[in-house]
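Please open the structure in your viewer and keep the selection tool at hand.

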Amino acid sequence: MQHAQYLAYNPGITPKEGGLPGLSVLKNVVSSINLYSIIAVVGALAISALVWAWGHHSGGHQAEANGKKGTVVAAGCALLLGAANGIVAFFSAMGTQVH
């Protein structure tokens with residue numbers, strides 16, 4: 001009779017609050033970075049929209065294309081920054097289901 005042999009070891013580690021000091025400070029720092037990033041994206045969106053409009057009205061097709069790209073990239077960044085908590089929570093929850 002053969003015994004089943006496990007190929008991987010489960011260390012049994014799960015996220016736990018309160019294990020180390022400074023968790024609230026770290027959350028505040030990350031939240032502040034997120035806020036500054038969102039403010040920077042608003043500025044990037046405004047600049048990209050200005051470049052897009054300037055390129056369109058001046059006949060500068062390259063400037064117009066760059067303004068469009070910048071606008072789309074800024075909008076994508078805003079989406080990711082706003083959804084960061086949800087994305088991490090979703091994949092973290094999915095990760096707990098892997099056995």
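Begin by selecting Asn10, Pro11, Gly12, Ile13, Thr14, Pro15, Gly95, Thr96, Val98 and His99, which line the second largest pocket. A pocket is an open set of points on a 1 Å grid over the protein atoms alone, where a 1.4 Å probe fits and protein lies on both sides within 12 Å along at least five of seven lines; lining residues have an atom within 4 Å of a point. This pocket holds about 250 Å³ of space, a volume being the space filled by probe spheres set on the points, with grid points joined across faces, edges and corners. By class, its lining has 4 nonpolar, 6 polar and no charged residues. Here Ala, Val, Leu, Ile, Met, Phe, Trp, Tyr, Cys and Pro count as nonpolar, Asp, Glu, Lys and Arg as charged, and the others, Gly among them, as polar.

The model is predicted, so local features need pLDDT of at least 70 and side-chain atom pairs count only at pLDDT 80 or more, while totals for chains, interfaces and linings use all residues. Residues are numbered from 1 along each chain as its sequence is written, and side-chain values use heavy atoms, with hydrogens and water left out.

Next, select Leu26, Lys27, Val30, Ser31 and Asn85, which lie nearest the centre of the largest pocket among its 14 lining residues. The elements giving two or more residues to this lining are α1 (23-58) and α3 (84-96); helices are DSSP runs of H or I with at least four residues, numbered from the N terminus. The volume of the largest pocket is about 380 Å³, and α1 gives the most to its lining, with 8 residues.

Stay with Ser31, which is in helix α1. Is Ser31 buried or exposed, or something in between? Ser31 counts as partly exposed because its relative accessibility is 47%, between the limits for buried (under 20% relative accessible area) and exposed (over 50%), with a 1.4 Å probe and protein chains only.

Now move to Thr71 in helix α2 (residues 61-82). Thr71 counts as buried because its relative accessibility is 16%. Its side chain reaches the backbone oxygen of Gly67 at 2.8 Å. Not counting residues up to four places away in sequence, Thr71 touches Leu45, Ser48, Ala49 and Trp52, where contact means heavy atoms within 4.5 Å.

Finally, select residues 33-52, a span that is 100% helix and 0% strand, with end C-alpha atoms 28 Å apart.

Definitions and conventions. Polar contact = N/O pair within 3.5 Å; in protein donor to acceptor, adjacent residues only side chain to side chain.
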